[in-house]
2 protein chains.
Amino acid sequence: MNSEDQAFFAKADQIDLSEYVVLDYFFESSVEPTHAAAHLCQEQSTAQWKRVGVDEDMRPLHAAKVIDLVVECMPSQPCIPFMVEHWDRLWACRVKIAYPIRNIGRALPNLITAACGEGAFFSPGIHAIKLQDISFPPGYLEAQEGPKFGIAGLREWTGVHNRPLFFGVIKPNIGLAPEPFRDIAYESWLGGLDVAKDDELIFDTDWSPFDKRTRLLGEARLDAEQKTGKKCCYLANVTDEVDRLIPLHDIGVANGANMLMVNAMATGLSAVRMLRKHTEVPLVAHFDFIAPMTRSPYYGVHSRVITKLQRLAGFDAIIFAGMGARMKTTRGGVLADVKACTETLCALQREHTADAPCPIKPALPIPGGSQWAGSIESLYRDIGSTDFAIVPGRAVFGHPQGPKAGAASLHQGWEAIRSGVPLADYARDHEELRVSISHNH
Amino acid sequence: MNSEDQAFFAKADQIDLSEYVVLDYFFESSVEPTHAAAHLCQEQSTAQWKRVGVDEDMRPLHAAKVIDLVVECMPSQPCIPFMVEHWDRLWACRVKIAYPIRNIGRALPNLITAACGEGAFFSPGIHAIKLQDISFPPGYLEAQEGPKFGIAGLREWTGVHNRPLFFGVIKPNIGLAPEPFRDIAYESWLGGLDVAKDDELIFDTDWSPFDKRTRLLGEARLDAEQKTGKKCCYLANVTDEVDRLIPLHDIGVANGANMLMVNAMATGLSAVRMLRKHTEVPLVAHFDFIAPMTRSPYYGVHSRVITKLQRLAGFDAIIFAGMGARMKTTRGGVLADVKACTETLCALQREHTADAPCPIKPALPIPGGSQWAGSIESLYRDIGSTDFAIVPGRAVFGHPQGPKAGAASLHQGWEAIRSGVPLADYARDHEELRVSISHNH
């Protein structure tokens with residue numbers, strides 16, 4: 001390694017990791033990996049580290065530094081390269097880079113610029129690069145809000161314990177006036193749905209004004225609580241221009257919406273953090289505008305990183321692409337997002353801080369996409385916990401017997417699992433589940 | 001085509017295009033293209049278009065509709081497919097979809113959700129999809145602000161006419177205290193630099209507080225104007241949490257920063273629109289967090305779309321990946337971004353509105369990446385106009401004779417072009433240019 005490159009390397013025990021965010025990249029390079037990795041650090045930080053004619057060096061304090069580099073395949077040992085036509089001339093590597101917090105402070109846009117900006121994606125000799133993971137020192141996290149409620153707070157808020165939460169997307173999503181929209185939501189609450197939610201494509205429009213919609217559903221929610229003796233939640237979508245988020249929060253909450261959704265990346269994570277400081281109710285993220293940057297296997301940003309950043313921004317629950325053919329996501333990919341919601345965000349640094357717990361609360365993972373009573377069990381087994389939610393649309397609001405029956409079918413599906421009875425057997429005495437099974441086959 | 005799919009098709013003259021945004025996608029499907037395209041529209045809009053047991057249909061008013069579909073290759077005629085291992089079983093298509101504005105209103109996060117949300121990227125049978133272009137009806141654009149200054153306003157603001165603008169990134173970017181940072185910026189203005197700018201990685205930090213930095217550079221800028229008799233601009237980076245944008249604008253502008261930069265996608269486009277309503281000075285976009293979603297050839301979002309959305313959000317000038325090996329961008333890709341800055345945003349609808357001009361001003365295109373005096377000419381020839389800027393770092397602030405000489409070398413490079421003299425010949429009598437040439441070889 002030449003001495004210029006050496007300035008961008010450090011052993012993990014030679015620098016104070018409490019002052020660095022750790023970025024974990026996969027990359028493929030056409031130049032020798034230590035040189036490629038050093039150049040990557042340079043582009044991300046001290047691109048020019050001294051003035052002309054001045055004896056100075058900004059790198060000791062301000063350079064991003066390679067703390068781990070593993071060559072996964074070399075030109076002579078091809079594995080599964082991205083640039084298939086050049087696989088015999090590329091290295092594939094994993095690199096951990098310690099990025100100085102002093103360069104960027106605590107603001108999310110600054111962190112995103114450092115981790116996913118021009119530097120990372122336009123570094124010489126690197127042709128494919130994907131940010132695979134990110135972790136933080138406890139001190140950095142202590143200065144962040146993170147989820148206001150978290151999983152424990154959400155359970156208290158909804159009164160749901162010892163089972164997954166049942167969200168349902170009110171459908172038809174687009175075009176329905178607030179009154180019939182209210183009516184079907186009300187039916188779903190009577191059937192036991194925990195959270196009736198706006199679709200991500202329903203906004204504040206003239207055919208469904210936010211004020212009127214939240215007022216009608218807020219009233220209906222309280223009626224349903226009276227009737228069922230159970231907490232009912234209405235999750236209203238406040239996605240709009242960022243200077244409307246707080247006004248919509250205030251209108252919605254005053255009207256009785258008791259959870260709010262933001263299409264996170266379409267609106268911007270820093271805007272969510274602003275709303276988080278203000279919110280009185282739990283915040284839920286929807287996963288629009290994430291696939292374009294996460295789904296190339298060797299380029300972009302891993303969805304677990306986006307999930308972690310959403311949690312850092314303050315979401316109490318995060319909907320992401322879940323299991324099933326339509327979501328085009330591997331089991332491993334879904335579980336990576338689940339863990340990004342629930343596990344510590346300071347993995348690497350834990351060794352340095354004597355078991356200090358993560359100061360950021362866990363967020364409730366909600367794998368999205370085409371769920372129904374029959375898909376709960378495999379999800380429950382895969383996640384290995386009841387700390388998740390499902391968010392069906394059609395299984396509740398397209399149930400042939402209506403939304404009340406649709407919601408009931410979810411509870412019956414869970415009861416079957418809890419009792420250890422096969423779904424088909426349990427369905428014999430439970431008509432809503434029986435209809436749901438035949439509707440899904 | 002079956003009748004369900006037919007509900008998602010319309011001839012362009014059968015619907016009122018003034019009520020639709022037009023989305024232009026490339027996609028590859030494993031199912032017959034009309035069926036795939038109809039499903040795509042359904043996922044993006046009326047995913048469920050009626051209540052159970054009610055005779056209604058939301059699709060006529062609220063469905064997204066295919067108005068053009070071209071099959072570029074069929075399973076029997078493979079071309080250059082994304083999923084190489086399945087090329088013999090995929091269709092590759094271009095589709096234009098008319099998306100109802102009534103579904104989403106005018107807010108940018110809503111538009112992004114519709115165009116780049118769950119619906120577009122998780123549609124059954126579609127395995128690769130890229131949003132290639134977007135266009136708007138004039139009525140939609142009239143309700144948007146767009147650039148406050150635009151190219152004409154920027155020329156008036158900077159006093160630069162009949163040539164490209166010369167921006168320069170003050171370097172060292174990270175770690176330099178405000179005083180020496182001010183000194184090198186001042187030198188560059190004396191050499192004739194139009195806009196000395198903050199790097200995208202310099203924020204409001206304790207080693208370079210925004211207040212102090214903008215105050216020192218604001219004063220120095222006025223001094224330089226006195227000394228040179230020429231307008232000098234300081235472009236300060238206000239990238240930070242969104243609730244800090246307007247406070248930083250107010251501090252910066254009061255201190256004498258007379259242009260402001262935002263790392264657009266890292267901060268969020270809607271936050272930029274909020275700043276645009278408030279700003280007293282031109283706004284410039286930097287291109288962080290765009291590559292991850294734009295650079296897969298058959299997946300994600302084309303950079304021209306992101307550029308158009310940045311213009312719509314209100315940027316007066318937009319820095320994007322330019323020519324040269326480091327930027328890994330084709331000439332065609334760069335020119336697509338240039339056009340997205342300057343051409344009408346209502347291309348498709350123009351036929352319907354009798355030559356109504358585009359109500360959104362053009363933004364100044366700034367192709368970024370490793371420019372110097374010698375790279376101006378090819379850019380000028382490619383763009384075919386002087387309406388652009390270059391934004392070198394090293395060519396100004398790494399010039400062996402200092403930033404004043406670096407800035408002068410850019411003017412000399414332009415004068416050579418203007419006079420029709422080969423650069424090497426012109427350099428004989430112009431030392432700054434001569435040094436720059438040998439420094440770049």
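The model is predicted, so local features are given only at pLDDT of at least 70 and side-chain atom pairs only at pLDDT 80 or more, while totals for chains, interfaces and linings use all residues. Residues are numbered from 1 along each chain as its sequence is written, chains are lettered from A and ligands numbered from 1 in the order in which they are written, and side-chain values use heavy atoms, with hydrogens and water left out.

Chain A is divided into domain 1 (3-135) and domain 2 (150-439), with bounds taken from an automatic or database domain assignment. The C-alpha centres of these two domains of chain A are 36 Å apart. Contact (heavy atoms within 4.5 Å) involves 25 residues of domain 1 of chain A and 22 residues of domain 2 of chain A. The two domains of chain A bury about 2,100 Å² between them, with 66% of it on carbon and sulfur atoms; buried area is the accessible area (1.4 Å probe) that two parts lose on being put together, summed over both. Of the area that domain 1 of chain A buries against domain 2 of chain A, 29% is supplied by Leu108(A), Lys130(A) and Ser135(A), more than by any other three residues.

One salt bridge is found across this interface of chain A, a salt bridge being a side-chain nitrogen of Lys or Arg within 4 Å of a carboxyl oxygen of Asp or Glu. The side chains of Lys308(A) and Asp133(A) form a salt bridge with an N to O distance of 2.8 Å. Ten residue pairs across the interface of domain 1 and domain 2 of chain A, both residues at pLDDT 80 or more, are in polar contact. A polar contact is a pair of N or O atoms within 3.5 Å; within protein, one must be able to donate a hydrogen and the other to accept it, and residues adjacent in sequence count only if both atoms are side-chain atoms. On the side of domain 1 of chain A that touches domain 2 of chain A, two or more residues each come from strand S1 (20-29), helix H5 (108-116) and strand S4 (126-135) of chain A. S4(A) gives the most to that side, with nine residues.

Within domain 2 of chain A (150-439), Arg213(A) is found in helix H10 (residues 210-228) of chain A. Helices (H or I, at least four residues) and strands (E, at least two) are DSSP runs, numbered from the N terminus. Arg213(A) counts as buried because its relative accessibility is 0%; buried means under 20% relative accessible area, exposed over 50%, and partly exposed in between (1.4 Å probe, protein chains only). Among the residues that Arg213(A) touches, beyond those up to four places away in sequence, are Pro178(A), Phe181(A), Tyr234(A) and Asn237(A). The side chain of Arg213(A) makes a polar contact of 2.9 Å with the side chain of Asp198(A).

Most residues other than glycine have a negative phi, and most peptide bonds are trans. The peptide bond from Lys171(A) to Pro172(A) is cis, with omega near 10 degrees, and Pro172(A) lies in the loop between strand S5 (165-169) and helix H9 (178-190) of chain A. In chain B, a cis peptide bond joins Lys171(B) and Pro172(B), with omega about 5 degrees. Ser370(A) has a positive phi near 55 degrees and, at 53% relative accessibility, counts as exposed.
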